[in-house]
Amino acid sequence: MTAAATSAQDPAPAPGAQGPAPAVSVRGLLKSYGDVEAVRGIGFDVHAGEIFGFLGPNGAGKSTTISMLCTLVRPSGGAARVAGHDVVGERDEVRRNIGLVFQDTTLDGYLTAEQNLRLHAELYGVPRELVLERMRQVMEMVGLWERRGSRVNTFSGGMKRRLEIARGLLHSPRVLFLDEPTVGLDPQTRSSIWGYIRELKAREDITIFLTTHYMDEAEYCDRIAIMDQGRIIVLDTPETLKANIGKDRVQIQTGDDRAAIDALREHFGIEATVAEGAVTFGVADGEQFVPRLFAELGQPIRSVSVSRPSLDDVFMSYTGTTIRDAEASQTDTRRNFAKMMSR
Amino acid sequence: MSTTYTAPSIPPPLDPSHQIAGVRVPVRSAGSELRAIKVVWKRELIRFSRDRLRILTSLVQPFLFLFVLGTGLSRLASAGTHGVNLRTFVYPGVLCMAVMFTAMFSAASLVWDREFGFLREMMVAPVRRSSLVLGKCLGGATVASFQGVIVLCLAGLVGVPYAPSLIIEIFALQLLLAFAITAFGVMIAARITQMQSFMALMQMAIMPMYFLSGAIFPVAGLPQWLEILNRIDPLTYAVDPMRRIVFSHLKISAAARSTLDPGVTWWSWHVPGLAEAGVVAVLGLAMLTIAIVEFSRAE
C-alpha cells in the first residue's frame, strides 16, 4: 500500500464564513469498535443544495460515517452537525430534518405501499391535512402512485428502493442520506434511481448525501470525498480530481507482466503496476503512445486498452490501488482477522 | 474490466413550476407521541387481520385443551368434580391460553422486524422509544384479546352462561393478561435477535407457566413444592380470577365450588380477585418498563 494519501484531513474550520450554513459539518469525527478504528478523525462540510458523494471500497468507513450523521451510531470522538443540529445533543432535531434510505430495505412487506408511507408520516408527525397530497407527490415522482394499493412484498427490488426514496422524502427533509442507493440493482433501475436523484435536486430544496462504491456513479455528484481505511483521502469536484491526474490510463495484457514492467521502466521511464490483472500505467497522451509501445517495448502484448482518466484513476493515484483490488485486500484482511480471533 | 455498467442517462430537469410543496414537520409534542403510539398499534391490527392463518393456528392449542383434554379426562375425573363438567373446569385456563399464544406471536414479530429491517425505520423516527414499545404492547394486547373473544364465544358449549358482567370482566382480564404477556415478549425480544432462540425461549417460559398456573388443576391441597411453584407463577394470578368469574356464574353445589374454585391463598389469606389482577398489572408494567429501557439504550 503506497500511501500517496496526502493531507486531506480537516479542512480549515471556517467560523463565520459567508453564505448559507453548511447542510452537514463534520470535525474530527472518530469511531472505533474496540481496537478497530472504523473512522479515524475526518472533517468536511457539505454545502446546502449539493449532491455530495462518499466514495470508497467496502469497509472504508462510509457506512459508519453515515450512521453517525444519522444519529444511529454514537461517535467515539469529534463533532458533527446536520441541518444545523448536533448529532449527539440534538438527536431528534437531526432526525426530523433528515431522510434515510439504507442499503437494506426497511419497508414492512405485509403492508401496502400507501400504508408504509402513512406509517412514516405518522411517525414523523407530518401534518394530517398534508399527508395525502405530499404522499401523492413523492409517489408520483418515483412512478409508484398507481401501485400504492399493492403490498410491498409483491414489489421488485428496484420498486422497493424507489418506494424507500419516496418515503425518505415524505417529511420534506433538508438532507437526504442514501447509503449505497443503487447497490444490487440492474443497470436500468440504477439509471432511473439516478434520474430521481437529479430530479430531486432540481425540484426540492434539499441536500443529498450519498455513499457509493461505483466510480461511474460518483461522477454525477457535485463533489466527492474519497474515503479509504477510515480516512478522507481527497475531497473535490469530480472534474478537478480528474483534471489533476492529467493522464490517460493504459492497461496491457502481456505474457510476462514482470518483464513488461521492467521494459516499460527501461525504455520509457514509466512506473507501472499490476491492477485488475493487467499491467497498468498512466501517460499523457495514451492513443499516440500505443504505436510506440508496440514498436519499442520488446515484449509480446496480447491486448491494450486506453481510457481517459476516470475516478478509478483518481482513486488509484491517491491510494495506489484500484477500488476493486482494495476491496479484495479488505476481505483478505478481514479473513485473516477472523482467523486470528478464532485461534 | 469495468465496462459492465452503462452510465445512466440523466433526464432533463423539470421546469421550476413543478416544485413540490415542502412540509414543515412540527416540533415533538405529546400529540406527536400519541400519533406514534397509535400508528404502531394500528400496524399490529392490520398485520393481524391480514394473517388469517395465524388466527386459526393460534386457536388449535386452546381447542385441544378444551375439547380433547377436557372431554378425554372427564370420565376419569367425574368422581372428583361433583358433577361439574371437566371442560367447564378447564375453560378459564383456556381463556388465558388463547390470549397467551397470540400475544407471544405479536411480540415475536419484533424479532422479524429486526431481521427484515423494518425495526430500523421505527428506531430512527423522531419519537420516543417508549411510544414505540407502548404502541407495540397495546397492539399485541388488542389482537390477542380479539383471539380471546373467539374462545369466549364458546362459553355456551361448555355450560357457561353469556352474562354481560361475565363477558365484560373476562374481556378486561384477557386484555390485561395479553398486555403483560406482550410486554414480557417485547422485553425478551429486545435482547434476543434470532427467531429460533426467541421461540424456544418463549416456549420454555410459557408451557411451564401454563402447567403450574392451576389452569388444569385446583390450587388447594397441593403438595408443598407444587404449591410454592404455583404461587410464584405469575400466570396463577390471571387464571384464578378468571375461574372465579366463570364459577360465580355457575349454579353448582357448595362442595363443588370449594373443591374446584378454592381461590389462591398466601399463608392462608385468601387473595382477592382484584389484588390478583393487580399482580398481573404490576408485573406487566414492570416488564414494559424494562422493555422501554432496553430499547432506549439500543442504538
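Some housekeeping before the tour. Residues are numbered from 1 along each chain as its sequence is written, while chains are lettered from A and ligands numbered from 1 in the order in which they are written. Because this is a predicted model, local features need pLDDT of at least 70 and side-chain atom pairs count only at pLDDT 80 or more, whereas totals for chains, interfaces and linings use all residues.

How confident is the predictor? The complex gets an ipTM of 0.80 and a pTM of 0.78. Where pLDDT is low, the predicted coordinates should not be read in detail.

So what is chain B built from? It has 12 helices and 2 strands, that is, DSSP runs numbered from the N terminus, with helices being H or I of at least four residues and strands E of at least two. Of the 299 residues of chain B, 43% count as buried, meaning 20 or more other C-beta atoms, placed from the backbone, lie within 10 Å of the residue's own.

Now over to chain A. An automatic or database domain assignment divides chain A into domain 1 (24-236) and domain 2 (242-342). Their centres, taken over C-alpha atoms, are 34 Å apart. Here 11 residues of domain 1 of chain A are in contact with 11 residues of domain 2 of chain A, where contact means C-beta atoms, placed from the backbone, within 7 Å.

Finally, the cores. A nonpolar core is a set of buried Ala, Val, Leu, Ile, Met, Phe, Trp, Tyr and Cys residues joined through C-beta atoms within 7 Å. The largest has 158 residues, and A:A166, A:F177 and B:C96 have the most contacts inside it. Helix 4 (residues 86-115) of chain B gives the most to this core, with 19 residues. Both domain 1 (24-236) and domain 2 (242-342) of chain A give residues to this core, so it lies between them. Apart from it lies another core, of 10 residues, including A:A260 and A:V279.

Terms used: Buried ≥ 20, exposed ≤ 12 C-beta atoms within 10 Å, placed from the backbone. Contact = placed C-beta atoms within 7 Å.
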